[in-house]
Structures are given as structure tokens and as C-alpha cells.
Amino acid sequence: MTIPPPELPPRPDPSGGLRASHGEREAAVDRLRDAAAEGRIDLEELDERLERALRARTRAEPAVLTADLPGPGLPASLPPLVLKGGVFGVSRGPGRWEVPARVIAHGGMGGVKIDFTRVECHRPEVVVEAYGETSGVTIVIPDGWAAETGGMDPGLGGLKVGTTPDRLPGTPLIRLTGSGGVGGVVIRHPGRWERRKLDGNPLRG
């Protein structure tokens, strides 16, 4: 009677030990943000996982952070909104518009204004990449929303923050990145004239 040789354990997959790329880290970050927007993880857990994803050194680390989330096959999230000031300038809002997870604004020569005061945004976080360039970028957020500006390079034009740190439950955090360029970047709550216009034109369902 021939005795079969002992079964060897499966060899570990070496791919998890390879270094993670920027693209793999960013893919994990996007997936985590989408999961938080869908209510699968809370904001505290999102912050913890994002920090670990951004510090990941190997491919295995981002995979662990997203292993308990649904895989691809769900509806695709909104593509980034790109606004370019060009020569004449451009604005988005006030008014209802669908807010993606990432907004990219290039001030150009005409400037860009992004107004969130009328939107209904259920995302826990929105990343705004603002590049002031020549004429600057202005971002207006409602009372109760908060902004994180630590990732912003003020450049020559500077960064002006006119928001309060108090954040109401259920409102998104605006995570501001980019560079002020020559024109600078401003993020603030509505001014007096903007509030008068909002009060005189109440939002209807």
C-alpha cells in the first residue's frame, strides 16, 4: 500500500507584500468615502481608515481596509466636477446641484465661485481642490458646515478662511486642498448680501 505524501499548506500570495502605489491608495480612499456616504461606516471610522489608507506601504494594507465593503458592481459614483475660470469666469450655484465627492476648481483669469448654500449633500466629506491661479477661487458653504484647510498651500495670493469650526451633525466636511496661486482662495459662509438674497428666495421642494 502506497502512502501519499503529506499535503503541503498553500503558498502565501506574495502580492500583498509588494509596495502599494499612489493609485492603489487613492482607490481605497475613494471606496471608503463612498461607503461612508452610503452609511456603511460612520465618520469616526472613516477618518481612522482614511489615515491608515494614506499611510499604507504594501498592497495588503488597503485591501484589509476595504475587505468588509461591497466590491465593484455597485453604481459608479459621480465623476469629479471640474470648473475652469478661463477668461470670463465661472460659477456653480447657488441652487440645487448634485455634489460629487471631489470638486476641482482652476481660477484661471476670470475666477471661480462655488456656492454650496442651496445643495442637499448627504456625503460625510467633499474634497475641493482649489487652484487660485490668476483670479482666485471663492467657496461659500452654509452655516453649520465646516472646512478642513490643513492640506492647502496658500501660495502668493493666500488663503482666507471665514468659516466657524462648529459643524452640525449630518453635514459634510469640506476638505480643502490645492494652492492659492496669485489670486488666492477664499472659503467662507454667506455674506450679508448673499443672506438677503437667500431669505428673499426661500428654497421650495
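I take a residue as buried when its relative accessible area is under 20%. The model I examined is predicted.

**Entry 1: aromatic pairs**

I searched the whole structure for aromatic pairs and found two. I described each by the distance of the ring centres and the angle of the planes.

For Trp97 and Phe116, I noted centres 5.2 Å apart and planes at 35°, so I recorded this pair as tilted. I located Trp97 in the loop between strand E2 (90-92) and strand E3 (102-106), and Phe116 in the loop between strand E4 (112-115) and strand E5 (125-131); the pair therefore ties together parts that are 19 residues apart in sequence.

For Phe116 and Trp145, the centres lie 5.7 Å apart and the planes stand at 45°, so this pair is tilted. I placed Trp145 in the loop between strand E6 (137-140) and strand E7 (146-153), 29 residues apart from Phe116.

Are Phe116 and Trp145 buried or exposed? I found both Phe116 and Trp145 buried. Both Trp97 and Phe116 are likewise buried. I recorded Trp97, Phe116 and Trp145 as one aromatic cluster.

**Entry 2: helix H2**

I checked the length of helix H2 (residues 43-54): at 1.5 Å a residue, its 12 residues should span 16 Å, and the end C-alpha atoms are 16 Å apart, which agrees.

Which residues of H2 are buried? I listed Leu46, Arg49, Leu50 and Ala53. Seen down the axis of H2, the buried residues fall within an arc of 105°, so they line one face of the helix. I saw that they pack against helix H1 (22-37), helix H3 (60-66) and E5.

At the start of H2, I noted a side-chain oxygen of Asp42 within 3.3 Å of the backbone nitrogen of Glu44.

Technical notes. Residues numbered from 1 in each chain as written. Predicted model: local features only at pLDDT ≥ 70, side-chain atom pairs only at ≥ 80, totals over all residues. Heavy atoms only, no water. Phe/Tyr/Trp six-rings, centres within 6.5 Å; stacked < 30°, edge-to-face > 60°. Helix = DSSP H or I, 4+ residues; strand = E, 2+ residues; numbered from the N terminus. Buried < 20%, exposed > 50% of the residue type's maximum accessible area, 1.4 Å probe, protein only. Expected span 1.5 Å × (residues − 1). Arc of directions from axis to C-beta. Contact = heavy atoms within 4.5 Å. Polar contact = N/O pair within 3.5 Å; in protein donor to acceptor, adjacent residues only side chain to side chain.
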